[in-house]
Amino acid sequence: MKTVYLDNNATTRTAPEVVDAMLPFFSDLYGNASSMHRFGGQVGRHLARAREQVAALIGAHPAEIVFTSCGTESNNAAIMGTLYSYPAKRHIVTCRTEHPAVMNVGHHLQSRGYRVTELGVDGKGNLDLEELRAALCDDTALVSIMAANNETGVLFPVDRIAAITRERGIPFHTDAVQAVGKIPLNMAGNAIDLLSLSGHKLHAPKGIGALYIRKGTRFSPYMIGGHQEGGRRGGTENVPYIVGLGRAAELAADRLEDENTRVKELRDRLENQLLARIPNTLVNGNRERRLPNTTNLSFEYIEGESILMLLDEEGICASSGSACTSGSLQPSHVLRAMGVPFTAAHGSVRFSLSIYNDVADVDHVIHVMPSIIERIRDMSPFWKDFQAGKPMSSFFTGGDAEHHLHG
Ligand code: PLP
């Protein structure tokens, strides 16, 4: 059975060109870039090239790029590295729809006596910039707001947020793990101080990331050790993976147009056809300001997990914002923050495409999905209650356990 991979916000296929670029650094070119000898020194040139490639993708200067082990590390380093630089300040601002790699850092800081303001979002997942302005105070050390939401694809106005924080002299970090490689970003034209990215979301392998730190931004290393990365991150550089990330960044720049035309059209075809063919289906998030590859759909009165299981039987990979076979788990924190009703949030499915998808992939989903939903609804007492006009069962009013969508 052919695999139809539509879970690219969780992780992507490593591009064959990236694998090719990495291979020599496992065998022949294994030197340490910090060594004095030529054998190691030659590796340094490849590191420098990768730094240029990553910087070019986001319109930055190579010296502003620090390689890390993943997006999670980049987020931790951005937040902690800023707080270390402003030891007297005890307040940060984030958002309720952040990835756990920011949100849980905030919760950890709260347990350490920091004040954390989590800004809310409206029903479409949009931030209120007036609420942001009102949250800032003299004690605010950092604002950290994502560039694109991993579950819905909703884009945040990071350029405008950066302008607001710059005016107040407060550093601004954005978790752009889902945005880099999917939409154009130009650090030369905005006031963002720190930006996180991750290799495995843009066809490089898992376990490599980068943190952009604008020249002049106050930052103390989070990973304390050697003098690598300009003294901003200790640890011998992971040369093969860094070279791979560089090549992936170069490919992503070339493929941005394909992502924003052909891939976007495939996403729209999938979304529009499913909406037209399946009753009680809703789109979660702002359809106008979204990543080109993502759609998050709710099939009302059923369970996302059962949908995923039947999709899996057809070779289709997607994700769900719900994991509540036990009936006790809450649906995704993102959909809850948006106020999506439980009847819809439980049955949410995220499809996320990539440049490796084609129309046959999308049409396969369009073909099998209506009968999958019908089968599950036929077995669902909630759907039957809904059709009979009865009040909703308590199952859909949620429990107290948390669920996060992977990626
Ligand atoms: N931030 C966002 C928005 C993500 O989607 C992810 C992916 O899981 C991460 C951070 C974490 O990145 P990584 O898996 O590289 O640690």
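1. Domain bounds here come from an automatic or database domain assignment. For this protein chain the assignment gives domain 1 (4–8 + 256–406) and domain 2 (16–252). The structure is a predicted model, in which local features need pLDDT of at least 70 and side-chain atom pairs count only at pLDDT 80 or more, while totals for chains, interfaces and linings use all residues. Residues are numbered from 1 along each chain as its sequence is written, and side-chain values use heavy atoms, with hydrogens and water left out.

2. On the relation between the domains, the centres of domain 1 and domain 2, taken over C-alpha atoms, are separated by 30 Å. Across the boundary, 26 residues of domain 1 are in contact with 31 residues of domain 2, where contact means heavy atoms within 4.5 Å.

3. Grid points are joined across faces, edges and corners, and a volume is the space filled by probe spheres set on the points. The count by this rule is two cavities of 30 Å³ or more.

4. The largest cavity holds about 170 Å³ of space. Its lining consists of 18 residues, and those nearest the centre of this cavity are Gly181, Lys201, Leu202, His203 and Glu259. Both domains take part, since at least three residues of the lining come from each of domain 1 (4–8 + 256–406) and domain 2 (16–252). By class the lining of the largest cavity has eight nonpolar, six polar and four charged residues, with Ala, Val, Leu, Ile, Met, Phe, Trp, Tyr, Cys and Pro counted as nonpolar, Asp, Glu, Lys and Arg as charged, and the others, Gly among them, as polar.

5. For the second largest cavity the volume is about 50 Å³. The residues that line this cavity are Val66, Thr68, Glu73, Ala77, Leu211, Phe219, Tyr222, Met223, Arg232 and Arg233, which divide into six nonpolar, one polar and three charged. At least two residues of this lining are supplied by each of β2 (65–68) and α3 (71–85); helices (H or I, at least four residues) and strands (E, at least two) are DSSP runs, numbered from the N terminus.

6. Ser196 belongs to strand β7 (residues 194–198) and is buried, with a relative accessible area of 0%; buried means under 20% relative accessible area, exposed over 50%, and partly exposed in between (1.4 Å probe, protein chains only). The side chain of Ser196 makes polar contacts with the side chain of Asn75 at 2.7 Å and with the side chain of His173 at 2.8 Å. A polar contact is a pair of N or O atoms within 3.5 Å; within protein, one must be able to donate a hydrogen and the other to accept it, and residues adjacent in sequence count only if both atoms are side-chain atoms. With neighbours within four places in sequence left aside, the contacts of Ser196 also include Gly71, Thr174, Asp175 and Leu211.

7. Glu229, although not a glycine, has a positive phi of about 55 degrees; Glu229 sits in helix α7 (residues 228–231) and is buried at a relative accessible area of 6%. Tyr301, likewise a residue other than glycine, has a positive phi near 70 degrees. Tyr301 is placed in the loop between β10 (294–299) and α9 (304–313), and its relative accessibility of 9% counts as buried.

8. Helix α8 (residues 239–277) contains Leu245, which counts as buried at 0% relative accessibility. Although Leu245 and Pro205 are 40 residues apart along the chain, their C-alpha atoms are separated by 7.7 Å. Beyond four places in sequence, Leu245 touches Val54, Phe67, Leu197, Gly199, Ala204, Ile208, Gly209 and Ala210. Ala253 is also found in helix α8, but at 41% relative accessibility Ala253 counts as partly exposed. Ala253 and Arg51 are 202 residues apart in sequence and 14 Å apart in space, C-alpha to C-alpha.

9. Leu119 lies in strand β4 (residues 115–119) and counts as buried at 1% relative accessibility. Between Leu119 and Cys95, 24 residues apart in sequence, the C-alpha to C-alpha distance is 4.4 Å. Residues up to four places away in sequence not being counted, Leu119 touches several others, among them Val93, Leu127, Leu132, Ala135 and Ile145.

Conventions
1 Å grid on protein atoms, 1.4 Å probe; cavity = no way out; pocket = protein on both sides within 12 Å on 5 of 7 lines; lining within 4 Å.
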